[in-house]
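Please open the model in your viewer and keep the selection tool at hand.

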Amino acid sequence: MESQKKAHRVVVLALTGLLPFELGIPHRIFGRAKDPAGRPLYEILTCGLAPGPVRTDADFAIHVEHGPELLATADTVVVPASYELGAVYEEGRLTDELAAALAHIRPGTRLVSICTGGYVLAAAGYLDGRPATTHWACAEHFQQLFPAVRVDPDVLYTDDGDVLTSAGVAAGVDLCLHIVRRDHGAAVANEVARRTVVPPHREGGQAQFIARPMPEPQLATTTAARAWVLDRLHEPLRLTDLARQEAMSVRTFTRRFREESGVSPGQWILGRRVERARQLLEQTELPMEQVARDSGFGTAQSLRKHVQAALGVSPTAYRRTFRAAGGTGNLPSPDGPSVTAGPAH
């Protein structure tokens, strides 16, 4: 009998002044990812700079059993936000204690930050020359402190292969779901999102700050139009048809859609079509022409163009990689070395 594949180990580094919500995100998202037999796909452990209590920004501390040596065993290291980063935030340098802790990380380990956790990765030099983001309120300071980093202040998260960063709070959920989707495909990520009661996919390039993230009840929204689109992704879709679902002019609808989603209607539809294509490539053996028609791209050439742009690989290569991985692990990054966006804080 073939032995079970070892779960991917995620080690979360808890630093003084951490935000409890961000600390819990990796445990909640990765901890819900299961294979078809119900076995966990990730093992999630927490360490500190030393075993023992770690102060949070709330009125309680958490007790961490493991010290920094645990980082040497990680396949992925996650650094959540902290409001007490000291020299890291003020001077852009690691303390001796933090530098010694990070030295345990093996080459090739995937690195992930949530919100101000990106300061730690930047101070360690991991983000030099790479795209990165952080909470929009810190972005200007972050860029001034780390000029070698290509900071994008507007997006929800960035994916540069082995180094990924997110904006604040809910954007950390989006990034962790993105990683699950990248590792194990859309079906697993969607099930995690369903169990966590969050949207299954907010694209990283969506704007962090949206003018009206929660529309006022008396104002018409674009929710019905989006639901209408999801049932018709395989059909030609015109902006006038979408606006008609909300009894709005095209101009008003377009403005309202961008205010509520952070992207244009066209960008949103394209993202949903790529997601549909991914699901078909992962879960079916349909020929490429059929995948193209069912996902709304029309032709295999159009499918190839848009999937290549979004995922960094061709549809054929994506399907082959997914099959070779047995539906889990080592899938190509959905965004490649790029950024992807929704409200972050």
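Select Asp 57 first, and then display the residues in contact with it, where contact means heavy atoms within 4.5 Å. Apart from its neighbours within four places in sequence, Asp 57 is in contact with Gly 17, Leu 18, Leu 19, Pro 20 and Tyr 83. The C-alpha atoms of Asp 57 and Leu 19 are separated by 5.8 Å, although these residues are 38 residues apart along the chain. Asp 57 belongs to the loop between strand S3 (52-55) and S4. Helices (H or I, at least four residues) and strands (E, at least two) are DSSP runs, numbered from the N terminus. With a relative accessible area of 42%, Asp 57 is partly exposed; buried means under 20% relative accessible area, exposed over 50%, and partly exposed in between (1.4 Å probe, protein chains only).

This is a predicted model, in which local features need pLDDT of at least 70 and side-chain atom pairs count only at pLDDT 80 or more, while totals for chains, interfaces and linings use all residues. Residues are numbered from 1 along each chain as its sequence is written, and side-chain values use heavy atoms, with hydrogens and water left out.

**The whole protein**

Now display the entire protein. Its secondary structure comes to 14 helices and 11 strands. Of its 345 residues, 52% are buried. The protein exposes about 15700 Å², and carbon and sulfur atoms supply 54% of that area; accessible areas come from the Shrake-Rupley method with a 1.4 Å probe, and for residues only the protein chains shown count as cover.

**The nonpolar cores**

Next, select Ile 29, Phe 30, Tyr 42 and Val 180. These are the residues with the most contacts inside the largest nonpolar core, which has 36 residues. A nonpolar core is a set of buried Ala, Val, Leu, Ile, Met, Phe, Trp, Tyr and Cys residues joined through side-chain atoms within 4.5 Å. Among the elements that each supply at least two residues of this core are strand S1 (8-13), helix H1 (20-31), strand S2 (42-47) and helix H6 (170-184). Which element gives the most to this core? The answer is H6, with 7 residues.

Keep Phe 30 selected. Leaving aside neighbours within four places in sequence, Phe 30 is in contact with Val 10, Tyr 42, Ile 44, Cys 176, Ile 179 and Val 180.

**Helix pairs**

Two packed helices are described by the angle between their axes and the distance between the axes. Select H1 and H6. Their axes come within 9 Å and cross at roughly 25 degrees; axes are lines fitted to C-alpha atoms, for helices over the stretch in contact, and angles run from 0 to 180 degrees between N-to-C directions. H1 and H6 are therefore roughly parallel to each other. Angles under 35 degrees count as roughly parallel, over 145 as roughly antiparallel, 65 to 115 as roughly perpendicular and the rest as oblique. Residues of H1 that meet H6 include Phe 21, Ile 25 and Phe 30, and those of H6 include Ala 170, Cys 176 and Val 180.

Move on to H10 and helix H11 (residues 265-283). The axes of H10 and H11 come within 9 Å and cross at roughly 60 degrees, which makes H10 oblique to H11. Phe 253, Thr 254, Phe 257 and Arg 258 of H10 make the contact with Pro 265, Gln 267 and Trp 268 of H11.

The axes of H8 and H11 come within 11 Å and cross at roughly 35 degrees. Here Arg 226, Val 229 and Leu 230 in H8 meet Trp 268, Ile 269, Arg 272 and Arg 276 in H11.

**Loop residues**

Select Cys 138, found in the loop between strand S7 (131-132) and helix H5 (139-145). Is Cys 138 buried or exposed? Cys 138 counts as buried because its relative accessibility is 14%. Not counting residues up to four places away in sequence, Cys 138 touches Thr 116 and Tyr 119.

Finally, select Cys 115 and Ala 247. Cys 115 lies in the loop between strand S6 (110-114) and helix H4 (117-123), and its phi is near 60 degrees, a positive value in a residue other than glycine. Ala 247, which is not a glycine, has a positive phi of about 55 degrees. At 3% relative accessibility Cys 115 counts as buried, whereas Ala 247, at 73%, counts as exposed.
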